[in-house]
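These are my notebook entries on a few places that I looked up one after another. I set down what I found at each.

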Amino acid sequence: MPSSASRTAPGGPSRVLRGTLAAGLTVGAGAATAGEPALTLTVDPGRERLLFRHERDACETWDIPDTPSRAYRDAAGTIHLFQSHHRARSLEGPDFASLAHSCTVVFEGRQRDDPASFDNASWIASTFTTDGRTVHAVVHDEYRGHRLGACAPRDAAACWYNALTAAVSTDGGASFRPAEPRLVAALPRRAEETRGAQAGVFEPTNIVAVTGGFAMMANVVAPAPQRSGNCLLRTDDLTDASRWRAWASGAFATRLPDPYAGDLDPAAHVCDPIDPAALPWPVTSLTRHEASGQWIATMKGRRADGDGVERTGIFYATSPDLLHWQGPALLLEAPLMGSGTPCAPERPIGYPALVDPESSDRNFTTLGDRPALTFVRAQLDGCEVGPDRDIVMVQVRIGRR
């Protein structure tokens, strides 16, 4: 299923960015949609490393890790790891053991007060490069209307309208600018039509190469007729943000266009959430285990085990084709960021992602049997999760059932 672009060696040749949109993902024969994952993942608790320590590395108070890890190698072999706030900075170095946090802001949305601009608070959430020079990014864009008085501060979620946009770097990631066209995906409703509840297209995963193109997941939160969940998007051309299509009714044919460009029929622009039983929470990373060919999704969540005891932490699921999944299974038990009632639990975590520092893939989307799990761990400010957050890396072992 994966194209050769997913195995680009460091410093390898540039790949063509266009594919055939009609070439869909291969559906695995007899793939199960429930049950245990095809692979076993276990964490080695004795191999913990801090990639970023806020107390030591932050360039300002709110210079924080606020996304899952996204990494690539540039044309010179330097690794860039993005896991930043809406003032985007990266960690850089020749290898993961030598990554250092840079204070250079390489991208920042203009925080405009117009939701139709899709240029609000903006997080670099996904990156992909074929040559290490031109880097394409998908941006998580937040319009937060409560800051403009559209909602009371205590009802901030009621004025939260999210979309995905595109940015591009032509200097290996030293700087990014908004791409044209800008919009990747939005709800078929305007911000004022969703007021009263958080809504939008959120938290894209990393981009992965597939046959004839590129794919990612994003979490959609929306009123009917759209069902909330993880939607799978695909494009044949990373240079044109308008070419992303969502999976619905057995094909990648659904556009998630600009609702401010004209009136839209919401029923004509919905995506089908992918396997909600196996992927019940937002997917935070997609990687492919090379030996088995299985895709692995990471998530944070909570659920009762077989004895009825609630477990919280990082879960994973596996798939032969990105469409049919098995899981979820618990990978790392820990308290979660954003789950404290009435007070946040001690040292909660979030933003999990799998990455293999030894991967030959320029975008670190392939895994061997000994990859790493990265996540953010917070130190509490009273009962709140504040800016004091670190990036933690632990080693993982992958086996077959």
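Entry 1. The model I examined is predicted.

Entry 2. I looked up threonine 78 and found it in the loop between strand 2 (70-73) and strand 3 (79-82). Leaving aside neighbours within four places in sequence, I listed its contacts as Tyr72, Arg73, Glu92 and Gly93. I also checked glycine 172, which lies 94 residues from threonine 78 in sequence but 9.3 Å from it in space, C-alpha to C-alpha.

Entry 3. I turned to aspartate 390, which I located in strand 25 (residues 384-400). Aspartate 390 is buried and has no salt bridge. Which side chain of opposite charge is nearest to aspartate 390? I found arginine 53, 5.3 Å away. The side chain of aspartate 390 does reach the backbone nitrogen of histidine 54, at 2.9 Å. Beyond four places in sequence, the residues that aspartate 390 touches include Leu50, Phe52, Pro65 and Phe375.

Entry 4. Last, I traced an open sheet of five strands, in the order 21-20-19-18-23 and with mixed pairing. Strand 21 (326-333) and strand 23 (366-367) each have a single partner strand, so one side of each is left without a neighbour in the sheet. Strand 18 (residues 285-289) runs parallel to strand 23, and two bridges join them. I noted that histidine 289 has leucine 367 in strand 23 as its bridge partner.

Note on methods
Residues are numbered from 1 along each chain as its sequence is written. This is a predicted model: local features need pLDDT of at least 70, side-chain atom pairs count only at pLDDT 80 or more; totals for chains, interfaces and linings use all residues. Side-chain values use heavy atoms; hydrogens and water are left out. Helices (H or I, at least four residues) and strands (E, at least two) are DSSP runs, numbered from the N terminus. Buried means under 20% relative accessible area, exposed over 50%, partly exposed in between (1.4 Å probe, protein chains only). Lys and Arg count as positive and Asp and Glu as negative; His and the chain ends are not counted. A salt bridge is a side-chain nitrogen of Lys or Arg within 4 Å of a carboxyl oxygen of Asp or Glu. A polar contact is a pair of N or O atoms within 3.5 Å; within protein, one must be able to donate a hydrogen and the other to accept it, and residues adjacent in sequence count only if both atoms are side-chain atoms. Contact means heavy atoms within 4.5 Å. Two strands pair if DSSP finds at least two bridges between them.
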